Amino acid sequence: GRKIILDVDTGTDDAVAIMFAALHPELDLLGITTVNGNVALANTTDNTLRVLDWIGRPDIPVHPGVPHPIARFGFPGGKHFEQDDDNDPHGTALPIPEPSTAAQATGAIEYLVETLRATTEPITLVAVGPLSNIATALAVDPSVAGAVDELVVMGGGHAVSNVSASAEFNIWADPEAASVVFSAGFTRRTLVTLDATHRALIPQRTCDALDALGTPAGTAAARFITRRIGAYEHTTVGAAPVHDVVCTAYLVAPEVISTRHLPVAVETASPLTVGRTVIDTRPDTELEPNAHVALDANADLLNELLLSTFARDVTS
Ligand code: BDR
Ligand code: CA
C-alpha cells in the first residue's frame, strides 16, 4: 500500500485518523511522530500508543518530537477554544486503556530525516498537528522534502476559524513552523482546511453505527466522536467535525474533498491575526499557487469510509 508517515498531536480526531491509517488496506503506515499541541507531548505520545495498542497495531513505531513551538516559548496569546473545560473535545488521556508499549528511543526529527534520506520509494507525509516537527526536520536537512511525494496538512481556514477570529489551531500553535513548511520544496502540498472539515460532519447516528460494529476501532471511534459532538454542541448541533481523519480518508478516496490550487501564506507577526492562513482566491492573483487547498468536503463519503474501514478488526 501507499507508504505514509503520520505526524500527530493525539487528541480525539488525531486518534480517528491514526485508526483509519493503521487499518485501511491501501495504506502502509510506516511510523508516527508526535508533537506538542492539543495536549502536552507526553500526553500526545501516550494517547498515540493507547490507540495503536487498542486496535492491535503495537508494531507501528511512535517517535516523540518537539515539546514546544520552534520560535516561541509557547502558543500566541489567547485560549484555544477547545482547551476550555466545558467544550474540550479532547481531554488529556483518551478513554481507552493505558498502553502496554513504549515510544521509540529515536526521536521524531531523527526518524523523519533518516527515514526520508534512506527511502527508495516516495513517502506521503500527513501532518495533523502543529508543524513543529516537520519544520525542524527541514531545518536539519531541507532536501528530505524531495523524498515526500505529497505533504498533506490538516490546518488553516479561509472563511472558518476556531482558535481566534482569524486562525486555526494547528497553524496558530506554531505559526513560524507553518510558514517554513508552506515555503519548503515539497513536490505537492495539500491543505485540508476547517472550511472543508466543517462540511464533513459526523452525526450521532454514525457514532451509533460505529459502536454497533463491535470492533475495537468502531467502539473507540464512537466514544471519541460522541465526546466531540458534546463539545461542539454550540456550533454544529448533533454532529461534529473530525478534522484529521479527512486527511487520511483523502489518501484512499481523493473525491472526499475538492481542492483548488491557490497561494497560501501564514501570518506570523500581527497580534490580531497571528497564525492566519492567508488564502488568495482572487482569479487574477499575481501570487504563485503553492498548495492544493480543500475548502469543501463530501460528508456522506467520509461517513461511509469510517464505517467500512472500522469494521476491520486485526486484534484476533
Ligand atoms: C485541529 O486542532 C486540533 O484540535 C485537532 O486535532 C485538529 O488537528 C483543528 O483545528
Ligand atoms: Ca490534531
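Which residues are the protein donors of the calcium ion (ligand 2)? This tour of a predicted model begins there; local features need pLDDT of at least 70, side-chain atom pairs count only at pLDDT 80 or more, and totals for chains, interfaces and linings use all residues. Residues are numbered from 1 along each chain as its sequence is written, chains are lettered from A and ligands numbered from 1 in the order in which they are written, and side-chain values use heavy atoms, with hydrogens and water left out.

**First stop: the calcium ion**

Select ligand 2 together with D9, D14, V128 and D244. The calcium ion has as protein donors D9 (OD), D14 (OD), D14 (OD), V128 (O) and D244 (OD), at 2.3 to 2.7 Å. Donors are N, O and S atoms within 2.8 Å of the metal (3.2 Å for Na, K and Ca); water is not among the atoms, so sites may look incomplete.

Next, select D14 in helix α1 (residues 12-23) and D244 in helix α10 (residues 243-252); the pair ties together parts that are 230 residues apart in sequence. Helices are DSSP runs (H or I, at least four residues), numbered from the N terminus. D14 is buried, at 0% relative accessibility, and D244 is buried at 2%; buried means under 20% relative accessible area (1.4 Å probe, protein chains only).

**Second stop: helices α8 and α9**

Now select residues 204-212 (α8) and 216-231 (α9), which pack at an angle of about 160° with axes 7 Å apart. Axes are lines fitted to C-alpha atoms over the stretch in contact, and angles run from 0 to 180 degrees between N-to-C directions. Helix α8 is therefore roughly antiparallel to α9 (an angle over 145 degrees).

Notes:
Helices (H or I, at least four residues) and strands (E, at least two) are DSSP runs, numbered from the N terminus. Buried means under 20% relative accessible area, exposed over 50%, partly exposed in between (1.4 Å probe, protein chains only). Angles under 35 degrees count as roughly parallel, over 145 as roughly antiparallel, 65 to 115 as roughly perpendicular and the rest as oblique.
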